Amino acid sequence: MTTEGSLRGDIVEVGRRMYARGYTASNDGNISVRLDPDRLLMTPKSVCKGFMTPDMMCITDLDGRKLQGDRDPSSETLMHLEVYRQRPDVQAVVHAHPPVATGFAVAGIPLTRPVLAEVLTTLGSIPIAEYATPSTSELPQAVRKYIKAHDGMLLANHGALTVGGDLFSAYYKMETIEHFAKISLVARLLGRENLIAREEVERLQQLRGSYGIKAPAPICDDPPDALEDATCQVVDAPAGQGLRLVPDVPGRPSPGPANDQDEIRLTYRELSILIEEAVKSLR
Ligand SMILES: [Zn+2]
């Protein structure tokens, strides 16, 4: 099979997995991959990603002009083009609306706490790109701010975006973000998160090389200027000399009736139901 033929099949497979895992509903989401230095293979507009066939894909140039295909390319083509423009190393882009990660994007809570070693090694931190109207040129602008330093990000009140050195690596990053969001949700329902200390975060990032993972950017020494495009990753890691884990989230009152204003009272039964539902959603 030609490279183009196998890439068409791979996009179909990634779309099927995204739909099967509930990362997209109806016609949501889009997928693209570089065919060669001047052309992209892209999912078409208005089709369910769970039921695509290889012949449905569009070929566009790097300005988004359709070169081949019976259908029109994705309505989020502009966002994909911006990623390829900013990141010559990126070979594939995946966009979906995985519900737990998108919940964080709706709540305005970035996934920047260092709590899982694997996530720190593969993605580092996952920021939220500011809200922009889908399918307009505002969305690529919002993505531009973070894409040079991140392989995955949430899109405020919308979904998530991941990129990779090949199609499956971009897709697996989407899985990692949703899995991370589920675990973060359960930990937050349980009331506390042990944060990995900064020293250990840096050691994990250095290990990327030995796993063959290319880091898009190092961790920021100082919080970057909010107006500038990100050139490093913000990780909310506490400083620690030899200490790997801290027992509580900084700035948050300890579990218990320490702060009446922040306290939410639940009966044991209500709490059990919440935990049970969260665990169910992990399956
Ligand atoms: Zn979308």
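Analyst: Helices (H or I, at least four residues) and strands (E, at least two) are DSSP runs, numbered from the N terminus. This is a predicted model, where local features need pLDDT of at least 70, side-chain atom pairs count only at pLDDT 80 or more, and totals for chains, interfaces and linings use all residues. Residues are numbered from 1 along each chain as its sequence is written, and side-chain values use heavy atoms, with hydrogens and water left out.

User: Ok, why is helix α5 described as largely enclosed?
Analyst: Seven of its ten residues are buried, so α5 (residues 138–147) is largely enclosed by the rest of the structure. Among the buried ones are Leu139, Val143 and Tyr146.

User: And what do the buried residues of α5 pack against?
Analyst: They pack against α2 (77–86), β6 (128–129), β7 and β8. Contact here means heavy atoms within 4.5 Å.

User: What does Asp229 touch?
Analyst: Leaving out residues up to four places away in sequence, Asp229 touches Arg144 and Lys145. Asp229 sits in the loop between α8 (208–211) and β10 (245–246). Its C-alpha atom is 6.2 Å from that of Tyr146, though Asp229 and Tyr146 are 83 residues apart along the chain. With 44% relative accessibility, Asp229 is partly exposed.

User: New topic: which residues coordinate the zinc ion?
Analyst: His95, His97 and His158 do, each through NE2, at 2.0 to 2.1 Å. Donors are N, O and S atoms within 2.8 Å of the metal (3.2 Å for Na, K and Ca); water is not among the atoms, so sites may look incomplete.

User: How are those donor residues spaced in sequence?
Analyst: The pattern is H-x1-H-x60-H. His97 is in the loop between β5 (92–96) and α3 (99–107), and His158 is in the loop between β7 (152–155) and β8, so the pair ties together parts 61 residues apart in sequence.

User: Is His158 buried or exposed?
Analyst: Buried, at 10% relative accessibility. His97 is partly exposed, with a relative accessible area of 23%.

User: How many salt bridges does the count come to?
Analyst: 18, where a salt bridge is a side-chain nitrogen of Lys or Arg within 4 Å of a carboxyl oxygen of Asp or Glu.

User: What about Glu175?
Analyst: Its side chain meets that of Arg21 in a salt bridge (3.4 Å, N to O). Glu175 lies in helix α6 and Arg21 in the loop between α1 and β1 (30–36), so this pair ties together parts 154 residues apart in sequence.

User: Last one: which residues are closest to the centre of the second largest pocket?
Analyst: The pocket holds about 330 Å³ of space. Of the 19 lining residues, Asp151, Gly165, Ser169, Lys173 and Lys214 are the closest to its centre. On a 1 Å grid over the protein atoms alone, a pocket is an open set of points where a 1.4 Å probe fits, with protein on both sides within 12 Å along at least five of seven lines; lining residues have an atom within 4 Å of a point. Grid points are joined across faces, edges and corners, and a volume is the space filled by probe spheres set on the points.

Notes
Buried < 20%, exposed > 50% of the residue type's maximum accessible area, 1.4 Å probe, protein only.
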